[in-house]
Amino acid sequence: MTPFQEIRRRLTPGLECLNDMIAAELRSGNTLMDKVIDGYLARRGKQLRPMLVMLTAELFGHEGANVMEAAASVEILHNASLIHDDVVDDSDRRHGQATINAVWTNHIAVLVGDFFVSTSLQLALRTGDMRVIGVIGSLGRLLSIGEMDQIYNAREHTLTEEAYFEVISHKTASLFEACVEMGCYCSGVDDDRLDRLRRFARLLGLCFQIKDDIFDYYDASGLGKPTGNDLREGKITLPLIHALTGSGHPKAEEMLSVSRHEPITEQDITTLLDFAKEAGGIAYARETLLRLHDEAVGILGTFPESSARNDLRTLIDYVIDRDI
């Protein structure tokens, strides 16, 4: 059993409680809605985000119903964003499974996603903590802004690391930050410890997304994500951004022109993926991962030794080392 699997095993009672709560809260009484949601909930992910809420609360010695409600709220909003993203990207697969929009149409997927958003807000309200409600409201805005930023950058061919990090800060890292905020507020923590954990969570989220983006440059067998899928959707991520703008490679100008083809062809995608590897883009992204990882570990070191602190360290190690 890996260290990450050991954490999941230890948190199993809490995760089972969480999943029961999510299933109960998402019962609508509408036959079609419930059928679509039941099919969706049958496919559980790794649930890193609710685990992060739980471990943050544990870090401060707190456990309670409001932690579960906060964790369920952020997990449901996360899934709402995935459902809506699949509609925006016209994706028919996620992690090897058919998306809601592929099976039931975009119309139904948007309505289900909206239902998830409303349910997330209801759960946040049940904590009775306005700060938790504020986290969910702010998170929904950031996720939408991140998606719009990504669309704008693709249309305008914006190729800078600054723009890339702004997008993934909004679309991915904001979720991880929200999780530690939830865990802190439920534990009565609202001081410099929250600020430190926010920085840790942001770095964790950035690492998660960079690692996910690296996957797109390799054979996606078992990942449920075709190689080059980001490029098909007009998304240029860190490995290729560096290869095109920061590597000094003699073919960079030529490849920059290829990246702006509309529509982009399968041959273009293959050419750009190969170029990113040849020009050191993958190596650069991995170096960036390790730098962010080390910074995050340093922040954790400012907290007293505990099993929860060790588990948080295991989470970021897992994000760096995972193969899916």
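# Close-up views of a predicted model

**Contacts of Leu256.** Leu256 is in contact (heavy atoms within 4.5 Å) with Leu159 and Leu244, leaving aside neighbours within four places in sequence. This is a predicted model, in which local features need pLDDT of at least 70 and side-chain atom pairs count only at pLDDT 80 or more, while totals for chains, interfaces and linings use all residues. Residues are numbered from 1 along each chain as its sequence is written, and side-chain values use heavy atoms, with hydrogens and water left out. Leu256 lies in helix α13, residues 252-259. Helices (H or I, at least four residues) and strands (E, at least two) are DSSP runs, numbered from the N terminus. Leu256 has a relative accessible area of 14%, so it is buried. The cut-offs are under 20% relative accessible area for buried, over 50% for exposed and in between for partly exposed, with a 1.4 Å probe and protein chains only. Leu256 and Gly298 are 42 residues apart along the chain, and their C-alpha atoms are separated by 37 Å.

**The cis peptide bond at Pro263.** Glu262 and Pro263 are joined by a cis peptide bond, with omega about 0°. Pro263 sits in the loop between α13 and α14 (266-278).

**Helix α16 and its cover.** Helix α16 runs over residues 307-321, 15 residues in total. From first C-alpha to last it reaches 21 Å, close to the 21 Å expected at 1.5 Å a residue. That expected span is 1.5 Å times one less than the number of residues. Buried residues of α16 include Ala308, Asp311, Leu312, Leu315, Ile316 and Val319. Arg309, Thr314, Tyr318 and Ile320 of this helix are buried too. An α-helix has 3.6 residues a turn, so residues three or four places apart point the same way. The cover over the buried residues of α16 includes α1 (3-10), α4 (48-59), α10 (192-215) and α15 (281-300).

**Leu240 in the largest nonpolar core.** This core holds 106 residues, and Phe200, Ile210 and Leu240 touch the most other members. Helix α9 (residues 161-186) supplies the largest share of this core, 13 residues. A nonpolar core is a set of buried Ala, Val, Leu, Ile, Met, Phe, Trp, Tyr and Cys residues joined through side-chain atoms within 4.5 Å. In soluble globular proteins, nonpolar side chains tend to be buried together. Leu240 is in contact with Tyr217, Leu231, Leu272, Phe275 and Ala276, setting aside neighbours within four places in sequence.

**The crossing of helices α2 and α5.** The axes of α2 (residues 12-25) and α5 (residues 65-88) come within 10 Å and cross at roughly 60°. Axes are lines fitted to C-alpha atoms, for helices over the stretch in contact, and angles run from 0 to 180 degrees between N-to-C directions. The α2-α5 crossing is right-handed. A crossing is right-handed if the near helix is turned clockwise from the far one by less than a right angle, and left-handed if anticlockwise. From α2, Gly14, Cys17, Leu18, Met21 and Ile22 make the contact. From α5 come Met68, Glu69, Ala71, Ala72, Glu75 and Ile76. The residues of this contact divide into eight nonpolar, one polar and two charged. Here Ala, Val, Leu, Ile, Met, Phe, Trp, Tyr, Cys and Pro count as nonpolar, Asp, Glu, Lys and Arg as charged, and the others, Gly among them, as polar.

**Ala109 and its neighbours.** Ala109 is found in helix α7. At 0% relative accessibility, Ala109 counts as buried. Beyond its neighbours within four places in sequence, Ala109 is in contact with Ile83, His84, Val87, Ile100 and Asn101. Ala109 and Leu18 are 91 residues apart along the chain, with their C-alpha atoms separated by 23 Å.

Asp90 lies in the loop between α5 and β1 (93-94). Its phi is near 55°, a positive value in a residue other than glycine. Asp90 is exposed, with a relative accessible area of 60%. Thr105 is in the loop between α6 (100-104) and α7 (106-126). Although not a glycine, Thr105 has a positive phi of about 90°. Its relative accessibility is 43%, so Thr105 counts as partly exposed.

**Gln150 in helix α8.** Gln150 belongs to helix α8, residues 130-156. Gln150 counts as buried, at 17% relative accessibility. Residues up to four places away in sequence aside, Gln150 touches Val167, Lys171 and Lys235.
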